[in-house]
Amino acid sequence: MGSPGRPTIRCLRSDLNEGWDDIQQRRQIETGRLPRTPLSDLAHPLIRHVATTFPGTDHDARRENIGGLNDPMFWKAKTGQWRGAIYEDPETGQAWLCAAGFRHAGDAEDFYTNFMSDVLAHGAEEYLPTDDDQVRLQLEQHHAELRAWKTQIAVTAFECIAQCHDNDDGRASVTIPGVGGSDAAIAELEVEMIQDDPGGRDSDASALVELDITVRDWSDPTALETLIYTICAAISPSEDNWDAVPMAGITHYIGTIPEARIHDIVMSVRLDDVPVEPPGAVAPTTHSHYVPSRPIVQALIFGEAVRAVCGKSFVPRRDPSEFPLCPECKSIADEVTD
Amino acid sequence: MNTLARKDVDSDQLSVLREAIGRLPKDSALATALNNLRESLDDGVDVLVSALDEELSPNQAAQYLNVSRPTVYKIIESNDLPARRVGTHYRIRMRDLLGYAKRHRAAQAELAETFAHADANERKLLRERAGVDEETAERLGY
């Protein structure tokens, strides 16, 4: 399977009460929430130890099993004063930290002796991974797959921009793969870039970047929506820079991108220093705007877009008092004030 | 194209307008149109007054739509915005520009919503691919 050893949710919540290197993580678990981090990556010495010694791939580590337990068998995991019991799923090879204990000075009891007695008396069911454990693992794996896909989209968009920059006609096109590295393309991206000042010496200069996305695989509309904002976020993560322009019934996305940003993108492709992480979200408009008052309440409730007096469309999401007023809205309002 | 700027209409004139609207029959189309005009002015926006068949240049269309001139040409060439050729020039009817502007606004609103809902969209995509319902995903930290 390839996935490192990880704690069961029960073990995480009940047995790992102390010794955390990240208090925030511990607090989150205490309040009943699970962090978004893969459980095998959490900042606890025993968790780290288990992930390293049960990596899910071929290993040389010698292992000791808990004597007296055979069906199922449990491995021992020791680091510092921490003791753990590991169960390996016979079908998948996935290792689970099922129980853990810390040996305090003066403790008479031995973790493994206690664990063994408990299992012999009551069975191992309580300790084995549950459906929740399996589902959580799947969620983590799919999450990682989606992140990898978004990263790939960003890299592909960068490469396309770099090609536009190099080509005489300022155009280039690339194929965007489907999620999970499937062979089938989900869409093709054609980009046309118009640069008035490619050297970027004028600090105010912007390039126009027009995205034409041709969908090849319509089966996953949720993924298609992700595709759109991921490409925009990769090129310029600012809502203010993007316009949606219908052409032949299809929406083209036109970005007004500062030349300095184009330069950075082209350089990162040339230096093979392309993104290794997915882009962040497209940031909302960084100005407050004047909007006719009637649509606002509905927009706030339903997350709909409103149109400001300057023409900008956006979904109101943040407290306007925290942002500088849009200069265009201001000048329109100034004209109105008697 | 005539722009009626809000700043050119003082409050006295607005009162006269309100009064005139009040004197028209209730279901009058003229009253409705004037009322829309009044509301826009009340909201502080400038109003465009134009004959629907008035013709505009691509430059004027670009200004109205707030896009670049080359983009207007592309829109025309994609047949999304009707335009007639007069020699080397295009002329665009006001009614056609308004029709396109409405589609433009709809596309802009949709994009704004796509950006705003990205987080929810992504959680949904994860659940769909993992085959997990919303309640379970939330309980398990996603």
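**Salt bridges and charges in a two-chain model**

A search of the whole structure finds 26 salt bridges over all chains. A salt bridge here is a side-chain nitrogen of Lys or Arg within 4 Å of a carboxyl oxygen of Asp or Glu. Keep in mind that this is a predicted model: local features need pLDDT of at least 70, side-chain atom pairs count only at pLDDT 80 or more, and totals for chains, interfaces and linings use all residues. Residues are numbered from 1 along each chain as its sequence is written, chains are lettered from A and ligands numbered from 1 in the order in which they are written, and side-chain values use heavy atoms, with hydrogens and water left out.

Start in chain A. A:D21 and A:R48 meet in a salt bridge, 2.4 Å from N to O. A:D21 sits in the loop between α1 (9–14) and α2, and A:R48 in helix α3, so the pair ties together parts 27 residues apart in sequence. Helices are DSSP runs of H or I, at least four residues, and strands are runs of E, at least two, numbered from the N terminus. A:R48 is partly exposed, at 39% relative accessibility. For these words, buried means under 20% relative accessible area, exposed over 50%, and partly exposed in between, with a 1.4 Å probe and protein chains only.

A:R48 also touches A:L42. Contact means heavy atoms within 4.5 Å. Is A:L42 buried or exposed? A:L42 is buried, at 0% relative accessible area. Its place is the loop between α2 (23–30) and α3 (45–53). Its other contacts beyond four places in sequence include A:L12, A:W20 and A:I47.

Now across the chains. B:R139 pairs with A:D132 in a salt bridge, with closest N and O atoms 2.7 Å apart. B:R139 lies in helix α7 of chain B and A:D132 in helix α5 (residues 131–166) of chain A, so this pair joins two chains. Both are partly exposed: B:R139 at 42%, A:D132 at 27%. There is a network too: salt bridges link A:R171, A:E192, A:E210 and B:K74.

Last, chain B. Which side chain of opposite charge is nearest to B:R127? That is B:E134, 4.1 Å away. B:R127 is buried yet has no salt bridge. Lys and Arg count as positive, Asp and Glu as negative; His and the chain ends are not counted. B:R127 lies in helix α6 (residues 118–130). B:E134 is also one of its contacts, as is B:D133.

Helix α7 (residues 134–139) of chain B also holds B:E135. B:E135 is exposed, at 63% relative accessible area.
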